[in-house]
Amino acid sequence: MKTVAILFFLLLSGCSANYTTESFVYQDEQPEKQLNITKIQTELIEANISAVVSAVSLTAEDGITLRGVKLVNQDALVNIVFFSANGMKVSTSSKILNKFSLLPANVIWFDYRGMGVSDKKENLSLNSLRSDALRIFDFSKGEFPTNLQTIIHGLSMGSLVASYVAGNKEIDALILDGAISTVPELVDNLMPTWSKPFYSVNLSAELAKINNIDLIKEYSKPLLFLIGEDDSTTPVVNSKELYNISSSLVKVLAIIPNTEHGETMRKDKAIKAYQDFINKLICCKNG
């Protein structure tokens, strides 16, 4: 009863929140000491996967150190640079590497600055995240086998990072997984309908202008959308709209049944869609 009374008071009084890049993007209080590579390797072995993992690091433009993991599959068909969801750290989400091994692919995945094992700086900006992403791509190109195509895969918030890289670097294909159309639309999706008349969210100018729409309009290379049928954070309609405005000649929209936000890579149908897309890439390149 007390909880209901407090909630009723909040609804009557109205609430608002102000978000900047620093408050919107997840940040740890302190960086993790190091990645437990032995644990990640053990997860692969237990899944009967022969891939090998190692720790990687690079120096960002402003001097801090970004850290992550490299997965090498002997039978890899492609290279993948993976940009994860907001708050998704290598240390706690490393089993997704098992799924990438089923494609099979080589993968490089860095924790964002201020998260996981990557260093943190006092201020976080959109420009620093974008600069990091470009540097991660360049680093990965130097680490990957040059005879394989390089794909950029962005999950949720990572879809915004991935499309930015695709617009600024020479890549072979782009995967948008639970794609965000715009940050304002994302925030609106996260708010319960009943609360909208009483609660307002104010985004900084930097956040308010971030979107995938402008970038996807200009992107013309192969493009795969992975989206969960039950995703309420980035609904299917978002990916459909991005699919429709894309100028890519090779584009696929894979809607995965009974799947919520961030769960696509756990599902066999998503892996199959991914494999089919990779086979199409290889076929087009060889043919």
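Two strands pair if DSSP finds at least two bridges between them; strands (E, at least two residues) and helices (H or I, at least four) are DSSP runs, numbered from the N terminus. You're looking at a predicted model, where local features need pLDDT of at least 70, side-chain atom pairs count only at pLDDT 80 or more, and totals for chains, interfaces and linings use all residues. Residues are numbered from 1 along each chain as its sequence is written, and side-chain values use heavy atoms, with hydrogens and water left out.

**Exercise 1. Work out how β4 and β6 pair.**
Step 1: find β4 at residues 78–83 and β6 at residues 149–155.
Step 2: follow the six bridges between them; the sense is parallel.
Step 3: check Phe83, which sits opposite Gly154 in β6.

**Exercise 2. Look at helix α8 and find its buried face.**
Step 1: in α8 (residues 183–190), pick out Val183, Leu186 and Val187, which are buried (under 20% relative accessible area, 1.4 Å probe, protein chains only).
Step 2: down the axis of α8, the buried residues fall within an arc of 95° (taken from the directions from the helix axis to the C-beta atoms), so they line one face of the helix.
Step 3: at the N-terminal end, Thr182 caps α8, with a side-chain oxygen 3.1 Å from the backbone nitrogen of Glu185.

How values were computed:
Buried means under 20% relative accessible area, exposed over 50%, partly exposed in between (1.4 Å probe, protein chains only). A polar contact is a pair of N or O atoms within 3.5 Å; within protein, one must be able to donate a hydrogen and the other to accept it, and residues adjacent in sequence count only if both atoms are side-chain atoms.
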